[in-house]
Amino acid sequence: MALPEHPPGTAMTGVDAYWALLGKRPGSYEEYGVLAASREPFTHSSLRQIVIDRAPADQSVVQESGPGAMPWAWFSTINVESTRYVCLTISTWSDALDAINRPIVVSRFYCVRTDDLIAARLSYADFYRAAENTPLSEQLPSGPVPLNPVPARQREPLPDGHAMAAAAGLLERQRVGLLSGPVSLDERIAVLDDVLAFLPAGARAWVSAGGWTDTSTRYPLRLAFAPQVPDTALGINVQGAAPRASGAYGHQLTELVGQYGAAKVRAHLATMTTVRTRDLDDVLAALQDMDQENLLFKAATTGRLTVGMLRRLGAARFRGMADDQRETILASYLELASAEDLRRDRALLVETWRYSLDRNLEDLVRQRVSQRAWTIADLLVVADICAAVGARQAFAGALRSCASERNSSSLREVVMRLASDDGWSEALVPVITQSDQLSVAVLRAALPDGSGVNPRLLAGLEDHPNSSWSRYGRPYLRPENLSEQNLSELHSIDPEAVTDVMRHARKTAEPGWWPRVLGWFLDLVRRCNELVRSWVDLLRHGLEPMEPAERARADFELCRRGEAPGQNLGLAGVAYWDGLVEAARAAHVDGRQRQVLGDTLASALGRDWGAESGRFFAVMDGLWRLSAATGGGEVLTVTLLRSIAGQIRGAPERLDDGRLAEWLPFFALDPELHSQVLMAQLRGVKENAAPANVAVLVATILHRKVVGENDVLEVLRRIWCPPPYGWVEFLAVLNARLAGMGDFKGPQICAKFVHALMRGDFGEDAQQAAIRQLPAYMMQQGYLTVEVFREAFRATQASGRGEDLALFLEDLVKRVKDVMPKGMIGRIFGRGEGSRDHH
């Protein structure tokens, strides 16, 4: 049966259209372009792109016949700034030819504001007929042209099944190709209207459609007749059997048509002029609005409910539904609602809530918290809604189960925010009493005087004697209840809580009790591998006043972890350094920590810590003992020694102070102090110093040319005088060490020491003892010299290499001749084995 193209009671009105005429001049070689156009809204460049570049198919060079033959007509939607337009282009062959005898295509372009088109209730067919009745020419004024409605003739519409399937396909597949069907262009455009009648009237704001399209082109239309369709599009043979409308929209559309009839559904959708996007929720809502209550309930029972569906129904219509239907819908809603959904729908929920939904809400909160899907702000929003609907126990029940499963800073924050609200006290008590973490969090908020927590909540917690609160909350409010085990357990739950408890204890503990509490805490610090950040400030400044030994224990724990101490080391007394040493002995400090300790002490000492001599030596003594107590020299780091050396340079006379004697080898590593340290070591030689050690020191001084041998003699003759056998050792080691350093003037240098000794420079007693005993001791060296030469001669006789040895021996004989009286040397070498050996 033929139907009118408009629902009964609707009236079409005329609209103004902007326009353009595109083509080319007859007989020209030019490309297609704009021949004439209205002043707005498009530039000529935009018009060429819209009409020519984005045509639904390639323009043929010859006039074709069949479905794809011109004329073409297609509809497109375009935004210009904030205004949206529906545009119609009609392309036809003209009688004119271009320069190479090709027929010229002329395109007429009309565009109407989308708001005007929808308000005028113009269908595509209305728009097309009005445009066909409004010719364009280059002589037209540059303003818009009026489009007046032209009455439509009666026609047989596209079957509802085909139209519904195509409408649903535009939402599900984005593109729909209509296969076969009528040949005339006006009938095809009418079929497009049949399809759009099953979409909200505002769909013309996003649908592009036409009487023909080539789906292989770069810009195929969303809805058009086509020779074929790709796999990604939906193809519908308008002369074949109607396919089933697919997807959520197709399902709802089929259901409503079956219930109310196609005409009523089309009439309803024609009123949905504000739904102008492809958003499925919006389009479904527009369709379902005619029976929202029933569809909403069915969607809830079949698992297809969306939060937007409930929101669009509105509180007034939702309140009018039966109680059991509202409960079913809200239960389904709570399975998928986000925190933002709950916030937006707060008023609706408060107005329509039922107690039986508390369990659903508890499940929702538990699930979202377990998934970590909600932030602290989200949870507080939901808590507010729970309070408004009287479901605090449900919210608390979800928190209770989640708090028992894992430690969550988010949950602690939420509970503590709610703990200050009197209305939440009763609901939160079982949550807190069953959670160690939450009990400690309430404890921290309650310190120092309980004012940070609602009094009703604290009173409720006291009614649970065998709970987490009784173990980890109540005892810490009074320091006399603390024990060493309490602090360790508290640290395992929340290390930051230890800081709060210790600050509270410092202010409130009895004088006789405080040292024990502090001792437990410092023992806990010593056992920890890492320091909690808040403990650093607590150890440095938060536990004052402290005894020197206590201050030292705290500072040792800071320094070995690279944190600055609380004590000014330059002003520290003996008791403090004693405490630091004792702390070092009690701790297990590895090599890395010893280095960190040394560097931290160096930084803490500052720049001028050694200006006052007494304090300088007090610090040096403490550092030396601390190094020994840690069991390794790594404490004396390069940084620390550099700091000490800086103080020595300002007062180098301190190097001669015996209190620094053990430090001198370390100071010798400093290039600027090296020479001064060597001389200080020389001046510090004891009367009974080991000859070999003195020889090594002298050799180093002479080799480095710190001073000459005469200066060394001047120092040594006043402070050192070994026995004759000691001189033998001294001379032998000095000579050997100089030779090892590449200095072969050792014999001459050693001779100076012998001359000084024999002159009496080292005292008359030393002179006499040397005269009596030194030759005999040195003779031992002589015997050894002879044996060395003897073995060397034997080793070189076979190779004939003995010239160097002979020269050495002749030099030795010459020196012996210089010493002995005349005639004695002859008598010695003229008898026995000696004569033959020499020969």
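I began at Phe 395: leaving aside neighbours within four places in sequence, I found Phe 395 in contact (heavy atoms within 4.5 Å) with Val 365, Leu 379, Val 382, Ala 383, Cys 386, Val 414, Leu 418 and Trp 424.

I noted that this is a predicted model, in which local features need pLDDT of at least 70, side-chain atom pairs count only at pLDDT 80 or more, and totals for chains, interfaces and linings use all residues. Residues are numbered from 1 along each chain as its sequence is written, and side-chain values use heavy atoms, with hydrogens and water left out.

I next looked up the nonpolar cores, each a set of buried Ala, Val, Leu, Ile, Met, Phe, Trp, Tyr and Cys residues joined through side-chain atoms within 4.5 Å. Buried is under 20% relative accessible area, exposed over 50%, and partly exposed in between, with a 1.4 Å probe and protein chains only. The largest core has 95 residues, and Leu 342, Phe 395 and Phe 521 touch the most other members. Helix α25 (residues 514-527) supplies its largest share, eight residues. A second, separate core has 79 residues, including Met 70 and Tyr 124.

Nine of its 11 residues are buried, so β5 is largely enclosed by the rest of the structure.

I checked its pairing, which requires at least two DSSP bridges between two strands. Strand β1 (residues 15-23) pairs with β5 in the antiparallel sense over five bridges, and Leu 22 has Ser 107 in β5 as its bridge partner. Strand β4 (residues 83-97) and β5 also pair in the antiparallel sense, over 10 bridges, and Tyr 85 stands opposite Arg 113. I recorded a hairpin of β4 and β5 with five residues between them, where Asn 101 in the turn has a positive phi of about 65°.

Terms used: Helices (H or I, at least four residues) and strands (E, at least two) are DSSP runs, numbered from the N terminus.
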